[in-house]
Amino acid sequence: MIEQFLACMKSQGWRAEIRPNPPLPKWITDRYHDLPGLWLQFVGTVSELFSGDETTWFLCAEDYDTRLDHAWRWNEWEMLSLKSAEGDDVWADEIKVFWNKHLPIVMSVRDSYAYYAISVEDGSVIYGAEPEFEECKQVAGSFAEFLGRIMDGTIQI
């Protein structure tokens, strides 16, 4: 399915690089458990996947490594939310609980700051955008369904 998905994305002007990747950093696997096997396979082989205009990108294994220099941190939207909640400990705790249950997998700065994330509670994929990143909606029941919906045009990213 990953090869079919990448072929579809390339036909839409996306750029991809495939190579074996390092494992996810320990702080990711410690924070997020029971990640979908297809997604783990995806981040294990896809090292870059981004739109032709470079405004939307899939997060790949190296994107989660905070020791590397990146234009955008993998948890950038979480950090922005926490900055907004400075001084409000209850709100900050709610933000942390939300992001502990949702692993960002796609980020976009095209029309606004937006993301897709995997829910570690049930494996579904959600979509959220600014200004309230934590107000989100489910767009697919699984990562496989998410890829399928992108390929059939139901989800436009």
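Trainee: In which sense do E5 and E6 pair, and over how many bridges?

Mentor: The model is a predicted one. In it, Tyr 116 has Tyr 127 of E6 as its bridge partner. E5 and E6 run antiparallel, and the number of bridges is 5.

Trainee: Which residue in the hairpin of E5 and E6 takes a positive phi?

Mentor: The hairpin has 5 residues between the strands. A phi near 80 degrees is found there, and the residue that takes it is Gly 123.

Trainee: Which residue of E7 is the bridge partner of Gly 128?

Mentor: E6 and E7 run antiparallel and are joined by 4 bridges. They form a hairpin with 6 residues between them. E6 itself is mostly covered, with 4 of its 5 residues buried. The bridge partner of Gly 128 in E7 is Cys 136.

Trainee: How is the ring pair of Trp 39 and Tyr 64 classed?

Mentor: The count of aromatic pairs in the model is 17. For Trp 39 and Tyr 64 the ring centres are 6.0 Å apart and the planes stand at 80 degrees. Planes over 60 degrees apart count as edge-to-face.

Trainee: How is the pair of Tyr 115 and Phe 133 classed?

Mentor: Tyr 115 is in strand E5 (residues 114-119) and Phe 133 in the loop between strand E6 (125-129) and strand E7 (136-140), 18 residues apart. Both residues are buried. Their ring centres lie 6.5 Å apart with planes at 55 degrees, so the pair is tilted.

Trainee: Which residues are linked into a cluster by ring pairs?

Mentor: Two of the members, Tyr 116 and Tyr 127, are also bridge partners. The cluster is made up of Phe 5, Trp 14, Phe 42, Phe 58, Tyr 116, Tyr 127, Phe 143 and Phe 146.

Trainee: Which residues have the most contacts inside the largest nonpolar core?

Mentor: The core has 49 residues. Leaving aside neighbours within four places in sequence, Ile 105 is in contact with several residues, including Trp 39, Phe 58 and Phe 146. Those with the most contacts inside the core are Trp 39, Phe 58, Ile 105 and Phe 146.

Trainee: Against which elements do the buried residues of H4 pack?

Mentor: The buried residues of H4 are Glu 76, Trp 77, Glu 78, Ser 81 and Leu 82. They pack against helix H2 (26-31), helix H5 (89-100), strand E4 (102-108) and E5.

Trainee: Does Thr 55 count as buried or exposed, and why?

Mentor: Thr 55 lies in the loop between strand E2 (46-50) and E3. Its relative accessibility is 17%, and the cut-off for burial is under 20%, so Thr 55 counts as buried.

Technical notes:
Residues numbered from 1 in each chain as written. Predicted model: local features only at pLDDT ≥ 70, side-chain atom pairs only at ≥ 80, totals over all residues. Heavy atoms only, no water. Phe/Tyr/Trp six-rings, centres within 6.5 Å; stacked < 30°, edge-to-face > 60°. Buried < 20%, exposed > 50% of the residue type's maximum accessible area, 1.4 Å probe, protein only. Pairing = 2+ DSSP bridges. Contact = heavy atoms within 4.5 Å. Core = buried A, V, L, I, M, F, W, Y, C linked by side-chain atoms within 4.5 Å.
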